[in-house]
Structure formats: C-alpha cells, structure tokens
Amino acid sequence: RLEQFREFDDDARTMTREVIALFAGDAPHRVDDIRAALAASDSAALSRAAHALKGAASNVGAQALTDACFTLEQSCLQGQWPPDAAQQVALVAGLADKTRQALNDWAA
C-alpha cells in the first residue's frame, strides 16, 4: 500500500512518512481502547475500537491486522460477547505491534 502512495508523494516520501507516523502514534491508543473494552466486557465498545484500528491499519496496507480487526468487530456486532475475545484481542495487539515495527523499519 505504501508503494501506491509514490505517485502522489514527493521524492522524500513526505506524505508516506506522515501516514506512518500517524499510525505509529495512534495505534497504541486504539489497542488500549480494545483492551479496555475487553476488560469491561463491553461488546459495543470492543466493536467500535476494532473498527477504528481496522481503518488505520487499512490506510497503511496492514492486511493481516485489518483482517483480525474485522473479525473482532464482526464477532461483536450482534451485541454478543465472542467466546474467544481474549485470544482475538491478543492477536490484534500482537499484529499492531508487528505492524508498527515493520513501518518504523520501512521509514528508517
């Protein structure tokens, strides 16, 4: 996805670096929101938080993270608590960390 920005970006990849910085700064807060919703057993908040992180992940082309967030979001949409919520949240958090690291490595 980041390579797709090339046609709209300058030679220094200023826009791409800004998108990466926004994700890197925002993702930990989104993961915190997801963990807080898990701790509160609040399916509506969990769905909203997963949706927000899904959008951010999609912006940077993090398909595995986008997919994991989508699965978590969908499992909560009916107002039901997913039986594997803790495992789904752990997967999302791990993928968010890996995505941030990969993006930081790319930008370095």
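## Packing of α2 against α3

In this predicted model, helix α2 (residues 43-59) and helix α3 approach each other with their axes within 8 Å, at a crossing angle of roughly 160 degrees. An angle over 145 degrees counts as roughly antiparallel, and α2 and α3 are therefore roughly antiparallel to each other. The crossing of the pair is left-handed.

On the α2 side, the contact is made by Ser43, Leu46, Ser47, Ala50, His51, Leu53, Lys54, Ala57 and Ser58. On the α3 side, Leu65, Thr66, Cys69, Phe70, Leu72, Glu73 and Cys76 take part. Sorted by class, the contact of α2 with α3 comprises nine nonpolar, five polar and two charged residues.

Ala50, a residue of helix α2, is one of those in the contact with α3. Ala50 has a relative accessibility of 0% and therefore counts as buried. Leaving aside residues up to four places away in sequence, Ala50 touches Ile34, Cys69, Leu72 and Glu73. The C-alpha atoms of Ala50 and Ala96 are separated by 11 Å, while the two residues lie 46 residues apart along the chain.

## Packing of α3 against α4

Helix α3 (residues 63-76) also packs against helix α4 (residues 85-107), with axes that come within 9 Å and cross at roughly 155 degrees. It follows that α3 and α4 are roughly antiparallel to each other, and their crossing is left-handed.

The residues of α3 in this contact are Ala64, Leu65, Ala68, Cys69, Thr71, Leu72 and Ser75. They meet Gln88, Val89, Leu91, Val92, Leu95, Ala96 and Thr99 of α4. The contact of α3 with α4 divides into 10 nonpolar residues, four polar residues and no charged residues.

## Packing of α1 against α4

Helices α1 and α4 pack with their axes 10 Å apart, at an angle of about 165 degrees. This angle makes α1 roughly antiparallel to α4. The crossing of α1 and α4 is left-handed.

From α1, the contact draws on Thr16, Arg17, Ile20, Phe23, Ala24, Ala27, Pro28, Val31, Ile34, Arg35 and Leu38. Their partners in α4 are Ala85, Ala86, Val89, Val92, Ala93, Ala96, Thr99, Arg100, Leu103, Asn104, Trp106 and Ala107. By class, the contact of α1 with α4 has 17 nonpolar, three polar and three charged residues.

## Two residues of α4

Thr99 is located in helix α4 and takes part in the contacts of α4 with α3 and with α1. Thr99 is buried, at a relative accessible area of 13%; the cut-off for this class is under 20%. Not counting residues up to four places away in sequence, Thr99 touches Phe23, Val60, Ala62 and Leu65.

Asp97 also belongs to helix α4. With a relative accessible area of 46%, Asp97 is partly exposed.

## Nonpolar core

In soluble globular proteins, nonpolar side chains tend to be buried together. In this model, the largest nonpolar core has 26 residues. The residues with the most contacts inside this core are Phe23, Ile34, Leu46, Leu53, Leu65, Leu72 and Val92. Helices α1 (14-40), α2, α3 and α4 each supply at least two residues of the core, and the largest share, seven residues, comes from α2.

Leu46 touches Ile34, Ala37, Leu38, Leu72, Cys76, Trp81 and Val89, again without residues up to four places away in sequence. Among these partners, Ile34 and Leu72 are listed with Leu46 as having the most contacts inside the core.

## The loop between α1 and α2

Ser41 is found in the loop between α1 and α2. Most residues other than glycine have a negative phi. Ser41 is not a glycine, yet has a positive phi of about 55 degrees.

## Overall organisation

The chain has four helices and zero strands, and the order of its elements from the N terminus is α-α-α-α. Along the principal axes, the C-alpha atoms fill a box of roughly 50 × 20 × 15 Å.

Of the 108 residues in the chain, 38% are buried. Among contacts with a separation of 6 or more, 60% are between residues 24 or more positions apart.

How values were computed:
Residues are numbered from 1 along each chain as its sequence is written. This is a predicted model: local features need pLDDT of at least 70, side-chain atom pairs count only at pLDDT 80 or more; totals for chains, interfaces and linings use all residues. Side-chain values use heavy atoms; hydrogens and water are left out. Axes are lines fitted to C-alpha atoms, for helices over the stretch in contact, and angles run from 0 to 180 degrees between N-to-C directions. Angles under 35 degrees count as roughly parallel, over 145 as roughly antiparallel, 65 to 115 as roughly perpendicular and the rest as oblique. A crossing is left-handed if the near helix is turned anticlockwise from the far one by less than a right angle, and right-handed if clockwise. Contact means heavy atoms within 4.5 Å. Ala, Val, Leu, Ile, Met, Phe, Trp, Tyr, Cys and Pro count as nonpolar, Asp, Glu, Lys and Arg as charged, and the others, Gly among them, as polar. A nonpolar core is a set of buried Ala, Val, Leu, Ile, Met, Phe, Trp, Tyr and Cys residues joined through side-chain atoms within 4.5 Å. Buried means under 20% relative accessible area, exposed over 50%, partly exposed in between (1.4 Å probe, protein chains only).
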